[in-house]
Amino acid sequence: MKKAIIIPTISLFLICLFATLLLGVVNGVTEEKIAQNAIITEENSRKIVMADAKSFGEKTEGEYTFDGTTAPYSYVEALDENGNSIGYVFVTASTGYGGKISTMTGIDKDGKVTGIEFLEIGETVGLGMNATKPTFKEQFKGMVSGISVNKNAPSGNEIKALTGATITSKAVTKGVNTALDIYENVIKGGANNG
C-alpha cells in the first residue's frame, strides 16, 4: 500500500523538479534577448514619434503622479543634427481594459504632440487594439496638454473614442496627458517629481 503512494509521489516530484529547472534555464537563456529586443523596439519607436530627431540623449527615469495615479515614466531629449534640443520623447504607463498600456509620446519644444507609439498594449482584439491603428494614433498629433475624449464629434483638443473601447481611448489619452504634464512641470518647470 505504501509503495502505491510513495512511487507515484516521488515520480511526480521529480517531474515537477525537472520541469521547474528546465523553465529556469529557458528563462535565463531568453531573458537577455527579450531585454535587447525591448531596447531596439524603444529606439525604433523614438524615431517614429520624433521623426525630425537625428539623435537622442540619455534616458532619465522616475515616478510621477498625475490625475491621482503614481506611475513610472522615462524620457530622453530629442536632438537635431547640431545637438540642439528639438523636444522630448516620454514613456508613460496607464491602465486600459486589458491591463497596462505603455505609451511613447513625442513632444516638441512648443509642447505639442509629434506622435505616439505603443511599447506595451494588450487590449481586446477588434476593439481596444484598434488604438494601434494609424487613424487613432494620428489624432494626437499637434495636441497640447489637457486632451479629452469625445465619443461623437471631437473638436479642439479632443480625440474621437474608439467604438466599443472608451476605456482604452481614455487610458491612452491619460498616458499622453501624463507625458504632456511631465513636460510642463518637470522639463519646462524644472520641478523634480520623480
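Author: Start with Asp67, which sits in the loop between β2 and β3. Strands here are DSSP runs of E with at least two residues, helices are runs of H or I with at least four, and both are numbered from the N terminus.

Reader: Is this predicted or experimental, and how do you number things?

Author: This is a predicted model: local features need pLDDT of at least 70, side-chain atom pairs count only at pLDDT 80 or more, and totals for chains, interfaces and linings use all residues. Residues are numbered from 1 along each chain as its sequence is written, and side-chain values use heavy atoms, with hydrogens and water left out.

Reader: Fine. Back to Asp67: buried or exposed?

Author: Asp67 counts as exposed, at 62% relative accessibility. The cut-offs: buried is under 20% relative accessible area, exposed is over 50%, and partly exposed is in between, with a 1.4 Å probe and protein chains only.

Reader: What's the phi of Asp67?

Author: Near 55 degrees, a positive value in a residue other than glycine. Most residues other than glycine have a negative phi.

Reader: And how many residues lie between β2 and β3?

Author: Two, and the strands form a hairpin, with Asp67 in the turn. Strand β2 covers residues 60-66 and strand β3 covers 69-79; they run antiparallel, joined by seven bridges. Strands count as paired if DSSP finds at least two bridges between them.

Reader: Give me one bridge. What's the partner of Tyr64 in β3?

Author: Ala71. Also look at Glu63, in strand β2. The C-alpha atoms of Glu63 and Tyr73 are 5.7 Å apart, though the two are 10 residues apart along the chain.

Reader: How accessible is Glu63?

Author: Partly exposed, with a relative accessible area of 48%.

Reader: Zoom out. What's the order of elements from the N terminus on?

Author: α-β-β-β-β-β-β-α-β-β-α. That makes three helices and eight strands.

Reader: What about the overall dimensions? How does the radius of gyration look against a compact globule?

Author: The chain has 22 Å, while a compact globule of 194 residues would be near 16 Å. The radius is taken over C-alpha atoms, and the globule rule is 2.2 Å times the number of residues to the power 0.38. Along its principal axes, the C-alpha trace spans about 80 × 45 × 30 Å.

Reader: What share of the chain is buried?

Author: Buried residues make up 36% of the 194. As for contacts (heavy atoms within 4.5 Å), take those with a separation of 6 or more: residues 24 or more positions apart account for 47% of them.

Reader: Why is β5 largely enclosed?

Author: Because eight of its 10 residues are buried, β5 is largely enclosed by the rest of the structure.

Reader: And which neighbours does β5 pair with?

Author: β4 and β5 pair antiparallel over 10 bridges, and they form a hairpin with two residues between them. Thr92 has Thr103 as its bridge partner in β5. β5 also pairs with β6, antiparallel over six bridges.

Reader: What's in the turn between β5 and β6?

Author: Four residues lie between the two strands of that hairpin, and Gly111 in the turn has a positive phi of about 80 degrees. Across the pair, Ile107 stands opposite Val113 in β6, and Gly106 stands opposite Gly115.

Reader: Last topic, pockets. How much space lies in the largest?

Author: About 300 Å³. That volume is the space filled by probe spheres set on grid points, which are joined across faces, edges and corners. A pocket here is an open set of points on a 1 Å grid over the protein atoms alone, where a 1.4 Å probe fits, with protein on both sides within 12 Å along at least five of seven lines; lining residues have an atom within 4 Å of a point.

Reader: Which residues lie nearest its centre?

Author: Glu42, Val91, Lys100, Ser102 and Leu119, out of 15 lining residues. The elements giving two or more residues to that lining are α1, β3, β4, β5 and β6.
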